[in-house]
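Please consult the sequence and the structure shown below while reading.

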Amino acid sequence: MVTDLPGAPDDPLPEALTLARGAAQAGLGLKLLGGLAVRVICPDFPPRQRAGQDMDFACLAKGRKNVVAYLERSGCQPDKRFNNLNGDRQMYFNAPSGRPIDVMVDRLVMCHTLDFRPSFEQPAAHGDAIDVLLSKLQIVELNEKDAWDIFHLLSGVPVGRGGEGAVLDTDRFARLLGADWGWWRTVTGSLAKLPGLAAEKPQLLPGGAPFDPLAQARQLEEVALAAPKGVKWKLRANVGDRVRWYELPEEVDH
């Protein structure tokens, strides 16, 4: 169940921002993902918090060793066994507070693979807004917290071409969906679910939003439809839903 706990004493955001901003000051790439990134991108909306919320970050493989050293200097305890086995794609730490930290390396691998590298150099403490949105839209079976985050991003960030400030970059969106039919199928399917979710659970939509989330969702659907499609995309589209087009994410034991 999604709950609003503004000002909760166990809010992980201050600690997460301290780590992200400290990394930026040290010239390191460590960017917030997930629900905490949504809160930073959309600071005017009441936060979504839950007890025991972890902190999700992304880094690049080329700077991974320096990020590890920085986190350890900052008092974060690594899961050495997990990191030795999986550190080329994911790392796990416990923050000084005891909160769990997941660090994705180069990519987020769930129902689809989202490569952060094309947009990672954006000067912000969080992943690029369109990547944070795509990390939610790529989930085949949306749950309430993911729908909350999608609605908030679509309510707080304009859809448009990349440039200064937070924007849901249609160029990046179109390139990804036009190159991969599986991505296109899942994301357009998720966008199509939003009107029904909004009608069923209006509490997921923030009040006083500067943008209409359903209108922005329709705009992204139009971008997906108009995006140039390659030969590989068209061949996979011919197969359609007869073959599963997404992966089933596995729970990772730490």
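In helix α5, the residues Ala129, Ile130, Asp131, Val132, Leu133, Leu134, Ser135, Lys136 and Leu137 are buried, where buried means under 20% relative accessible area, exposed over 50%, and partly exposed in between (1.4 Å probe, protein chains only). Helix α5 spans residues 129-137, and because 9 of its 9 residues are buried, the helix is largely enclosed by the rest of the structure. Helices (H or I, at least four residues) and strands (E, at least two) are DSSP runs, numbered from the N terminus.

The model is a predicted one, in which local features need pLDDT of at least 70 and side-chain atom pairs count only at pLDDT 80 or more, while totals for chains, interfaces and linings use all residues. Residues are numbered from 1 along each chain as its sequence is written, and side-chain values use heavy atoms, with hydrogens and water left out.

**The cavity**

A search of the whole structure finds 1 cavity of 30 Å³ or more. A cavity is a set of points, on a 1 Å grid over the protein atoms alone, where a 1.4 Å probe fits but cannot get out; lining residues have an atom within 4 Å of a point. The volume of the largest cavity is about 50 Å³, a volume being the space filled by probe spheres set on the points. Asp131 is one of its lining residues, together with Lys31, Leu33, Ala58, Phe116, Ser119, Phe120, Gly127 and Asp128. By class, this lining has 4 nonpolar, 2 polar and 3 charged residues. Here Ala, Val, Leu, Ile, Met, Phe, Trp, Tyr, Cys and Pro count as nonpolar, Asp, Glu, Lys and Arg as charged, and the others, Gly among them, as polar.

**Aromatic rings and charges**

How many aromatic pairs does the structure hold? There are 3 aromatic pairs. Rings of Phe, Tyr and Trp (its six-membered ring) pair if their centres lie within 6.5 Å; planes under 30 degrees apart count as stacked, over 60 as edge-to-face and the rest as tilted. Two of the pairs are listed here.

| Pair | Centre distance | Plane angle | Type |
|---|---|---|---|
| Trp184 and Trp233 | 5.4 Å | 85 degrees | edge-to-face |
| Trp245 and Tyr246 | 5.1 Å | 80 degrees | edge-to-face |

Tryptophan 184 belongs to helix α8 (residues 181-200) and tryptophan 233 to helix α10 (residues 231-239), so that this pair links distant parts of the chain, 49 residues apart. Tryptophan 184 is buried at 16% relative accessibility, and tryptophan 233 is buried at 11%. Ring pairs also link Trp181, Trp245 and Tyr246 into a cluster.

Two lysines lie over rings. Lysine 229 lies over the face of tryptophan 233, at 5.2 Å from the ring centre, and lysine 31 over the face of phenylalanine 120, at 5.4 Å. A charge sits over a ring if NZ of Lys or CZ of Arg is within 6 Å of the ring centre and within 35 degrees of the ring normal.

**Cysteines and a backbone angle**

The structure holds 0 disulfides, a disulfide being a pair of cysteine sulfur atoms within 2.5 Å. For cysteine 76, the nearest cysteine sulfur, that of cysteine 59, is 13 Å away. Cysteine 76 is buried at 1% relative accessibility.

Most residues other than glycine have a negative phi. Aspartate 106, although not a glycine, has a positive phi of about 70 degrees. This aspartate 106 lies in the loop between β5 (100-105) and β6 (107-109).

Notes. On a 1 Å grid over the protein atoms alone, a cavity is a set of points where a 1.4 Å probe fits but cannot get out, and a pocket is an open set with protein on both sides within 12 Å along at least five of seven lines; lining residues have an atom within 4 Å of a point.
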